[in-house]
Structures are given as structure tokens and as C-alpha cells.
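Good morning, and thank you for coming. Please look first at the sequence and the structure, which I shall then discuss.

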Amino acid sequence: MTPGAADLLLVIDVQVDFLPGGALPVRDGDAVVAPINALQHRFRHVVLMQDWHPADHVSFADTHPGRAPFETIALPYGPQVLWPRHCVQGSPGAGFAPGLATDRASLVVRKGLDPRVDSYSAFLEADRTTRTGLAGALTERGITRVVLCGLATDFCVLWSALDARDAGFDVWVVADAVRGIDVDGSLAQAWARMEAAGVRRIESAALA
Ligand code: VGL
Ligand code: ZN
């Protein structure tokens, strides 16, 4: 597949807190930086996503006295996994991974800013109602295909891929340019859900 004018590379949450040593480390997360940098040169359209939470965000375990990270609680919009505090707005951990190229991106979109609502997806917040505006921006640019890479496969990449399908885009995930968190089998489940939704899996070597 040779990316053209209607193809977008969507880079999900390649941020310091998701790298080894960060607040919510994804195993081997730093391994996505080199393939993503290489991929960016093959796309005319690149968008970078940033998880960007207020310090008292509802997804943080320490916002809920007596709760621990990786527990699930019930919120008005549904179940919410509690996370260690991560990607706090303006903190070093919220910055892009060292070495990640950012100069070719036309748009940087931040999500998870509402203190009461999480947003794994680049398109739709966890209340499943509030839109980030990304789908409209892509449509205005004539994008029909979204190629996803970044962190984490089983949360923000998964939800972004499913919502991109729902928004009518053709969706591909670059298998060697993503890594997962894997809470209770969530990684295998994520690939199965994406496959069932018609998301296609590709290797970066096949994108030339
Ligand atoms: C993410 C958990 C919490 C992600 C973000 O980028 O996959 N996961 N916030
Ligand atoms: Zn988050």
C-alpha cells in the first residue's frame, strides 16, 4: 500500500508517561518511536494525539480515596479502569517521547481534558457523546483512510480504531508500531475486536 492524499497517519499517545520508567509504562513502548518516525515520511497527512488530563482527573486512582490503580469503578457513563496519575497537562510525563519526530504533523489533538470524563478514543470521549472534532477535521481534508500507530494497542489505539470505523473511515493498524498494556487479557481481546470491526492489520514494511 502506497499512502496517498486521502491517507492519514494517526499517532496515538507516544508520550513519556507511557514509556518504560513513566507513570503508566507500556512494556517496550519506546520501541514504537523508530518505526513511527520512519512511517511519518511516507504520509502527507500526520496527526499526533496527546493524552492530556487535569491533575484531579476521574481516571486517576488517587482521585478516589481507597481505590487502587487497575481497579474498575462504575461511573455515570459506564465502567472506568482506574490508572496511576499520568499525562497531567503541562507535566514532563505528558510530553512527546524523546526522539519522536513532531515536525511533519499538521495537527496535534489533545484529549481527556474534562475532569469528569476519560477519553481513550481520538474521536469520541468515554461518555460516547462528546466529540473531539477530529472526524470533521479529517473529512474537511479529504481523508478516507486512517492508519493507526502508537500506544496503547488495547486502550487508546483500540478505541480510536473502532470509532474511526464507526465514523466511516477505512482503518488500518500498524502491528509493529503499536504496543499494549495487557490488563487481564485485554491485548488479545483488542486485536479480536478490531478484526471483527473490519480494522486491517498491516506491517510498516508493507507501507512503502
Ligand atoms: C491510555 C490508559 C489511560 C492510552 C491513556 O493511551 O492507551 N491508556 N490513558
Ligand atoms: Zn489517560
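Is glutamine 40 buried or exposed? Glutamine 40 is buried, with a relative accessible area of 1%; buried means under 20% relative accessible area, exposed over 50%, and partly exposed in between, with a 1.4 Å probe and protein chains only.

A word on the source: this is a predicted model, in which local features need pLDDT of at least 70 and side-chain atom pairs count only at pLDDT 80 or more, while totals for chains, interfaces and linings use all residues. Residues are numbered from 1 along each chain as its sequence is written, chains are lettered from A and ligands numbered from 1 in the order in which they are written, and side-chain values use heavy atoms, without hydrogens and water.

Glutamine 40 lies in helix α1. Leaving aside residues up to four places away in sequence, glutamine 40 touches Leu9, Val46, Leu100, Ala101 and Arg104, where contact means heavy atoms within 4.5 Å.

Let us turn to the sheet. An open sheet is formed by 6 strands in the order β5-β2-β1-β6-β7-β8, with parallel pairing. Helices (H or I, at least four residues) and strands (E, at least two) are DSSP runs, numbered from the N terminus, and two strands pair if DSSP finds at least two bridges between them. At the edges stand β5 (107-111) and β8 (200-202), each with a single partner strand, so one side of each has no neighbour in the sheet.

Within the sheet, β1 (residues 7-12) and β6 (residues 145-151) run parallel and are joined by 6 bridges. Valine 11 has cysteine 149 in β6 as its bridge partner.
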